[in-house]
Amino acid sequence: MTALRKWLFSGLLVLVPLIVTLWVIDWVVGTLDLTLNILPPAWRPDALLGVHIPGLGVVFALVILLSIGALASNIIGNRIVSWWHALLHRIPVVRSIYSGVKQVSDTLFSEKGNAFRKAVLVQWPHEGMWTIAFLTGAPQGEVLDTLQAKPGQDTLTDDFVSVYVPTTPNPTGGYFVLLRARDCVELSMSVDEALTYIVSMGVIVPGGPKNPKIKPAVVAADPS
């Protein structure tokens with residue numbers, strides 16, 4: 001039974017990552033294949049070739065992205081994009097959603113963006129408890145003035161940073177925190193390594209052994 005249990009878990013360790021990876025790829029390809037539906041029925045590859053070829057939607061979506069990017073990079077395209085942005089900002093409900101999403105996308109996808117460029121250690125959720133966070137920027141304006149005016153500051157020149165504290169094992173949820181820069185410990189690991197560390201709940205340690213030995217926890221004696 002011990003050998004069977006070992007073989008079972010070994011098989012799961014091999015198959016589960018492979019199955020999940022294939023499922024994600026199939027979902028992405030299937031979703032992008034839906035972009036072909038914007039073409040007239042007679043122009044679709046299934047009608048022209050007489051057979052369905054998975055993945056053509058990926059190529060089609062890539063062509064659309066490159067075309068829009070090339071158009072937005074020239075003078076005429078910039079004017080069209082600016083006109084489109086101005087139009088959306090005049091619609092009451094759409095304005096709030098669009099402006100927020102655009103600011104986030106500009107930060108994440110801009111070549112000059114600084115989002116998630118550094119992994120740091122911060123004390124969270126209270127002093128003495130540490131977790132990995134990602135540096136996202138620095139507060140400005142009223143938020144910075146209010147932080148610097150708080151009692152207990154050493155000087156009015158304290159540097160503050162904004163960090164994102166992800167949850168585990170799903171890092172897409174987390175907390176936005178403002179704290180002093182001197183309270184952050186910058187890590188040498190990359191963002192990808194830090195994300196792997198978080199998703200694995202500390203099992204996969206960047207730069208550490210593949211099978212780390214876990215020391216038994218020391219339980220304090222009950223004083224009663």
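Which residue in β3 is the bridge partner of leucine 135? The partner of leucine 135 is valine 163, and the views below place this pair in its surroundings. The model is a predicted one, in which local features need pLDDT of at least 70 and side-chain atom pairs count only at pLDDT 80 or more, whereas totals for chains, interfaces and linings use all residues. Residues are numbered from 1 along each chain as its sequence is written, and side-chain values use heavy atoms, with hydrogens and water left out.

**Figure 1. Overview of the protein chain and its confidence.** The protein chain has seven helices and five strands, where helices (H or I, at least four residues) and strands (E, at least two) are DSSP runs numbered from the N terminus. From the N terminus on, the order of elements is α-α-α-α-α-β-β-α-β-β-β-α. The average pLDDT, the predictor's confidence in each residue on a scale from 0 to 100, is 79 for the protein chain, and 83% of the residues score at least 70. Confidence is highest in β1, at 91, and lowest in helix α5 (residues 92-109), at a mean of 72. Over residues 216-224 pLDDT stays under 50, and the model has zero contacts there beyond four places in sequence; contact means heavy atoms within 4.5 Å. Of the contacts in the protein chain with a separation of 6 or more, 42% are between residues 24 or more positions apart.

Figure 2. The strands form an open sheet in the order β4-β3-β2-β1-β5, with antiparallel pairing; two strands pair if DSSP finds at least two bridges between them. β4 (174-180) and β5 (185-186) stand at the edges with a single partner strand each, so one side of each has no neighbour in the sheet. Helix α7 (residues 191-199) packs on the sheet and touches β1 (118-123), β2 and β3. The direction of α7 makes about 140° with that of β2, angles running from 0 to 180 degrees between N-to-C directions, with axes as lines fitted to C-alpha atoms, for helices over the stretch in contact.

**Figure 3. Strand β2 between its two partners.** Strand β2 (residues 130-137) runs antiparallel to strand β3 (residues 160-166), and three bridges join the two. Phenylalanine 134 has tyrosine 164 in β3 as its bridge partner. β1 and β2 pair in the antiparallel sense over six bridges, with lysine 118 opposite leucine 135 of β2. The hairpin of β1 and β2 has six residues between the strands, and glycine 128 in this hairpin takes a positive phi near 95°.

**Figure 4. The covered strand β3.** Seven of the seven residues of β3 are buried, that is, under 20% relative accessible area, with exposed meaning over 50% and partly exposed in between (1.4 Å probe, protein chains only). Phe160, Ser162, Tyr164 and Pro166 point one way from the strand, and Val161, Val163 and Val165 point the other way. Serine 162 has 6% relative accessibility and therefore counts as buried. Beyond its neighbours within four places in sequence, serine 162 contacts residues including Phe134, Leu135, Phe176 and Val177. β3 pairs with β4 over seven bridges in the antiparallel sense, and valine 161 stands opposite leucine 179 in β4.

**Figure 5. The crossing of helices α1 and α3.** The axes of helix α1 (residues 2-33) and helix α3 (residues 56-73) come within 7 Å and cross at roughly 60°. This crossing is left-handed, the near helix being turned anticlockwise from the far one by less than a right angle (clockwise for right-handed). Val29, Leu32 and Asp33 in α1 meet Leu56, Gly57, Val58 and Ala61 in α3. The residues of this contact divide into five nonpolar, one polar and one charged; Ala, Val, Leu, Ile, Met, Phe, Trp, Tyr, Cys and Pro count as nonpolar, Asp, Glu, Lys and Arg as charged, and the others, Gly among them, as polar.

Figure 6. Most residues other than glycine have a negative phi, and most peptide bonds are trans. A cis peptide bond with omega of about 5° joins tryptophan 124 and proline 125, and proline 125 is placed in the loop between β1 and β2. Another cis bond joins threonine 168 and proline 169, also with omega of about 5°; proline 169 is in the loop between β3 and β4. Methionine 201, in the segment after α7, has a positive phi near 60°. Methionine 201 counts as exposed because its relative accessibility is 60%.
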